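Here is a short briefing on one protein chain.

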Amino acid sequence: MAEVKKVTSKKETVKIAPKAAVKKEAAPKTGGLTLQAYDMTGKSAGTVTLPKEVFGQKPNKNLLAQAIRVYTLNLSPTTANTKTRGEVRGGGIKPWKQKGTGRARAGSRRSPLWVGGGITFGPRTKDTKLALPQKMKQKALIYALSQKAQESQIKVITNIEKAEAKTKPIAALLKNLDINKNSLLIVSEKSNNLKLATQNIKNLQVETTQNINAYEVMKNHNLLLSKESITKFETK
C-alpha cells in the first residue's frame with residue numbers, strides 16, 4: 001500500500017497522496033492487409049483491407065502439401081476392374097480329353113492362357129479415398145490464401161458480381177489487368193449472368209467462397225476477389 005505523506009503547518013495538516021500511475025494506451029490494432037481495388041474497366045477504385053486472420057498467416061507448407069495430395073487423389077479414384085478366371089463366362093466343360101489328342105492339356109476355357117479367359121493380377125477396384133479433418137481443411141485454405149497474398153497474386157474487383165451476361169467486358173478487364181494465366185475468380189454467391197459471361201473465357205474459373213479449397217487456390221496463378229466476397233472470408 002502506498003505511503004501517505006503528512007505536511008504539517010501551524011494552521012492545518014494536509015495529507016498529500018502519491019501520484020496515480022498513468023496507464024499507457026494500447027496501440028491501435030491493424031485491420032489487415034491493404035490492397036488496391038479495381039473497377040470493371042481495370043482502373044483504380046480505392047483500397048480494401050483483407051482480414052489478417054485469413055490472408056496474413058505464415059503458410060504451413062507441409063499441411064498444404066498434404067491437403068493437395070488428398071484433393072488430387074480423390075479426383076481420380078481407382079475404378080479399373082478386371083475379371084479373374086472365376087468371374088469370366090464359360091468354362092463349364094473340359095475343352096478336350098486329357099490324353100491322345102497331341103495338344104497341350106486344358107481344363108477350362110477360363111484359363112488366363114486362353115483368349116477371353118481371366119486376367120492374372122489385373123487391376124481391381126479399390127477404395128483409395130482419403131479424408132482430411134474439417135479443421136485441417138480450413139487451415140490449409142487459410143495458408144493457401146496467405147501464400148497468394150505474400151506472392152502479390154491477389155486482385156480485388158468491385159461490382160464484378162453485378163456484371164451483365166456478356167463476355168466482352170470481362171475479357172477486357174483481364175486484358176487491362178494483364179492477366180493471361182490460370183485465374184480463379186471468387187464471388188460471394190452464385191450468379192447466372194457471371195457464369196454466362198465467363199464460360200467462354202479460357203483459363204478463368206469462377207467459384208463461391210463456400211466451394212473453394214486449398215487445391216483450387218494453389219493450382220491457379222492469379223486470385224481475383226470480388227469486393228463482396230471479402231466479408232464472407234471474415235466469417236470463415
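Helices H2 and H3 are roughly perpendicular to each other (65 to 115 degrees; under 35 is roughly parallel, over 145 roughly antiparallel, the rest oblique). The model is predicted: local features need pLDDT of at least 70, side-chain atom pairs need 80 or more, and totals for chains, interfaces and linings use all residues. Residues are numbered from 1 along each chain, and side-chain values use heavy atoms, without hydrogens or water.

**The chain as a whole**
- The chain holds 7 helices and 8 strands (DSSP runs: H or I, at least four residues; E, at least two; numbered from the N terminus).
- Of its 236 residues, 32% are buried (under 20% relative accessible area; exposed is over 50%, partly exposed in between; 1.4 Å probe, protein chains only).
- Take contacts between residues at least 6 apart in sequence: 65% of them join residues at least 24 apart (contact: heavy atoms within 4.5 Å).

**Confidence**
- Mean pLDDT for the chain is 85, and 85% of its residues reach 70 or more (pLDDT: the predictor's confidence in each residue, 0 to 100).
- Among the elements, strand E6 (residues 183–187) has the highest mean, 94. Strand E1 (residues 5–8) has the lowest, 50.
- Residues 24–30 fall below 50 in pLDDT. Beyond near neighbours in sequence, this stretch makes 0 contacts in the model.

**Where H2 meets H3**
- The two helices pack at about 115°, and their axes are 9 Å apart (lines fitted to C-alpha atoms over the stretch in contact; angles run from 0 to 180 degrees between N-to-C directions).
- H2 brings Leu63, Leu64, Gln66, Ala67 and Tyr71 to the contact.
- H3 brings Met136, Lys137, Lys139, Ala140, Tyr143 and Ala144.

**Threonine 128**
- Threonine 128 lies in the loop between H2 (61–75) and H3 (134–150).
- Its relative accessibility is 26%, so threonine 128 counts as partly exposed.
- Leaving out residues up to four places away in sequence, threonine 128 touches Leu73, Asn74, Pro77 and Thr78.
- Threonine 128 and threonine 78 are 50 residues apart in sequence. Their C-alpha atoms are 6.9 Å apart in space.

**Two residues with positive phi**
- Serine 152 is not a glycine, yet its phi is positive, near 55°.
- Serine 152 sits in the loop between H3 and strand E5 (154–157). Serine 152 is exposed because its relative accessible area is 59%.
- Asparagine 159 also has a positive phi, about 60°, although it is not a glycine.
- Asparagine 159 sits in the loop between E5 and helix H4 (167–176). At 43% relative accessibility, asparagine 159 is partly exposed.
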